[in-house]
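Here is my note on the model. Please read it with the coordinates open.

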Amino acid sequence: MQQVKNDEAFVAFERVQKSYDGETLVVKDLNLAIPKGEFLTLLGPSGSGKTTCLMMLAGFETATHGDIRLDGVSVNNIPPHKRGIGMVFQNYALFPHMTVGENLSFPLEVRKMGKSEREAKVKRALDMVQMGDFAARRPAQMSGGQQQRVALARALVFEPELVLMDEPLGALDKQLRETLQFEITNLAHQLGITVVYVTHDQTEALTMSDRVAVFNDGRIQQLATPDDLYERPQNSFVAQFIGENNTLTGVVQDISDKSCTVRLDSGDVIDAMPVNVGAVGDRTKVSIRPERVEIDKTRLQPGAHTLKAEVLEFIYMGDIFRTRLRVAGMDDFVIKTRNAPDQVRLTPGTKIDIGWLAQDCRALDA
Ligand SMILES: Nc1ncnc2c1ncn2[C@@H]1O[C@H](COP(=O)(O)OP(=O)(O)OP(=O)(O)O)[C@@H](O)[C@H]1O
Ligand SMILES: [Mg+2]
């Protein structure tokens, strides 16, 4: 994983804690260093503290403990309007008395930009969110999704160095959301803008971000690139939160550097990679992705453990086949196979053997 030193970071959270009521911490000992130009996403379930982190960075909330720095300067010393941050918040309203065009022109006027340059930038920003024909409308005359797109354009129009976005695409339909995901990341990279983005949509996080910080319960559970996060989850929360995943529980029976065997609660023995387990006798949740399960024994290493499975359901999904199995006493074990010309379509009732390469099955904390 890419390591960024805190003193070189453009945005740095150092040992930050936040409590609203003086008792419960909703952000716990947060350390995060974001280099200039990075697109970083905070991903996590509702209530995990994502918005709170953005609000502290924007200056609308203060940290209970710790320090937040922007380009090396503690933000406590910079008032919110002087931080030069573009923002799209969950409930960040447009100015109701101004037209769409005026809403976008405003941050440019504040920065003393000339009229013709302002007009060109406003047009470009509105075109980006496909709202070019709406410049004369007022916020009350638009749908929620249209207002959200204008808010997005307003946050980007003055080409700020740092943009904070909190679920900016939440109210949009799938097609528009995907177009804007692409536009936002392109524009951010083109202009070298640093983005801190919040979403609970994992596909959005994986497709848009340079790195993703997975939040739960006020803590970062893992901070990694999208492929690292999906391929190498470090704990069972991340494994279950990101992507589809099969989980089997058991006890570590034997352990070496690169592999371990786990005796499942059903009595079966399987091969896994020790990721977040310490010693023989530890309880563990082992995690295996549906696309890494092998139903063709010839693709397994000699001596690999296999499990008996019964096919319960076969779902044709076009590009892939999704098959639900009964494995080790559980009815929700899923495998995914590619719809290739020679791929077998398993029929319910069939008994098969399944297995995997030890490195594809991760023994994590229980
Ligand atoms: N102004 C506030 N006063 C008191 N508690 C608050 C306040 N704002 C948020 N909280 C609490 O802090 C915790 C974290 O909230 P936060 O808004 O940061 O979550 P989130 O991760 O953004 O969730 P969501 O995905 O639902 O937007 C929650 O338990 C919430 O109830
Ligand atoms: Mg939120």
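1. Start with Ala363. Ala363 touches Val252, Cys260, Val262, Ala272, Met273, Pro274, Val275, Val277, Thr284 and Val286, leaving out residues up to four places away in sequence. Two residues touch, or are in contact, if their C-beta atoms, placed from the backbone, lie within 7 Å.

2. On provenance: this is a predicted model, in which local features need pLDDT of at least 70 and side-chain atom pairs count only at pLDDT 80 or more, while totals for chains, interfaces and linings use all residues. Residues are numbered from 1 along each chain as its sequence is written, and chains are lettered from A and ligands numbered from 1 in the order in which they are written.

3. Ala363 also belongs to the largest nonpolar core, which has 96 residues. Ala363 is among those with the most contacts inside this core, along with Ala153, Leu164, Val195, Val196, Ala213 and Val214. The largest share, six residues, comes from helix α4 (residues 144-156). Domain 1 (6-231) and domain 2 (245-365) each give the core at least three residues. A nonpolar core is a set of buried Ala, Val, Leu, Ile, Met, Phe, Trp, Tyr and Cys residues joined through C-beta atoms within 7 Å.

4. Domain bounds come from an automatic or database domain assignment. The C-alpha centres of domain 1 and domain 2 lie 40 Å apart. The C-alpha trace of the chain spans about 75 × 45 × 35 Å along its principal axes.

5. The chain has eight helices and 19 strands. Helices (H or I, at least four residues) and strands (E, at least two) are DSSP runs, numbered from the N terminus. Of the 366 residues, 37% are buried. Buried means 20 or more other C-beta atoms within 10 Å of the residue's own, exposed 12 or fewer, and partly exposed in between, with C-beta atoms placed from the backbone.

6. Check two backbone angles. Most residues other than glycine have a negative phi. Asp217 has a positive phi of about 55° and sits in the loop between β9 (211-216) and β10 (219-224). Ala328 has a positive phi of about 50°, in the loop between β16 (320-327) and β17 (330-338). Asp217 is partly exposed because 15 other C-beta atoms lie within 10 Å. Ala328 is partly exposed too, with 19.

7. Which residues are around ligand 1? They are Tyr20, Val26, Gly44, Ser46, Gly47, Ser48, Gly49, Lys50, Thr51, Thr52 and His200, each with its C-beta atom, placed from the backbone, within 6 Å of the ligand.
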